[in-house]
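These are my notebook entries on a structure that I had not examined before. I set down what I looked up, entry by entry.

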Amino acid sequence: MLAPYLPIVLLFALAFGFAVFSVTIAPFTGPKRYNKAKLDFYECGIEPTPQPLGPNRFPVKYFLTAMLFIVFDIEIIFLYPYAVANKALGLFGLVEIILFIVTVFAAYAYVWRRGGLDWD
């Protein structure tokens, strides 16, 4: 009864075992040559500038940009099911996807006008 699921269970067990092995063996096998450049923050290839907030803190703008990326990325993922089943959905699906795209575009325009995409 459960025989068809055996390859999937074995694949998950293999993936879990590999992940555990990689995490536990990495501290013992990796090089331990620390320097200032390795311990410093890294932001998209740009030298990080000191912030008045204190050490080891990023400005809130950095996290807002990351959250906006995730929100718009997830919204675009919702377009894939429509692309697969657009003929089966017919006119109803077309109207719904147009409303969805208009909503995404309105959110994008709002964020753009509020300066949420500016890096300065």
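This is a predicted model: local features need pLDDT of at least 70, side-chain atom pairs count only at pLDDT 80 or more; totals for chains, interfaces and linings use all residues.

**Entry 1. Phe12.** I located Phe12 in helix α1, which covers residues 6–29.

**Entry 2. The chain as a whole.** I next looked up the secondary structure. I found 5 helices and 0 strands in the chain, and the pattern along the sequence reads α-α-α-α-α. I noted that the chain has 120 residues, of which 8% are buried.

**Entry 3. The course of helix α5.** I turned to α5, which runs over residues 86–113. What distance does α5 span between its end C-alpha atoms? I found 33 Å, whereas a straight helix of 28 residues would span 40 Å at 1.5 Å a residue. I also looked for a bend and found a kink of about 75 degrees in α5, centred on Phe92. Just after α5, I noted Gly115, which takes a positive phi of about 85 degrees.

**Entry 4. The buried residues of α5.** I listed the buried residues of this helix as Gly93, Ile97, Val104 and Val111. I then asked what covers the buried residues of α5. The cover includes α3 (60–77) and α4 (79–84).

**Entry 5. Gly93.** I took Gly93, in helix α5, as one case. Is Gly93 buried or exposed? Its relative accessibility is 4%, so I count Gly93 as buried, the limit being under 20%. I also looked up the spacing between Gly93 and Tyr82: they are 11 residues apart along the chain, and their C-alpha atoms are separated by 7.5 Å.

**Entry 6. Val111.** I took Val111, also placed in helix α5, as a further case. Val111 has 12% relative accessibility and therefore counts as buried. Which residues are in contact with Val111, leaving aside its neighbours within four places in sequence? I found Leu68, Gly116 and Leu117. For Leu68 I looked up the spacing as well: Val111 and Leu68 are 43 residues apart in sequence, and 8.6 Å separates them from C-alpha to C-alpha.

Conventions. Residues are numbered from 1 along each chain as its sequence is written. Side-chain values use heavy atoms; hydrogens and water are left out. Helices (H or I, at least four residues) and strands (E, at least two) are DSSP runs, numbered from the N terminus. Buried means under 20% relative accessible area, exposed over 50%, partly exposed in between (1.4 Å probe, protein chains only). Contact means heavy atoms within 4.5 Å. The expected span of a helix is 1.5 Å times one less than its number of residues. The bend at a residue is the angle between axes fitted to the seven residues ending there and the seven starting there.
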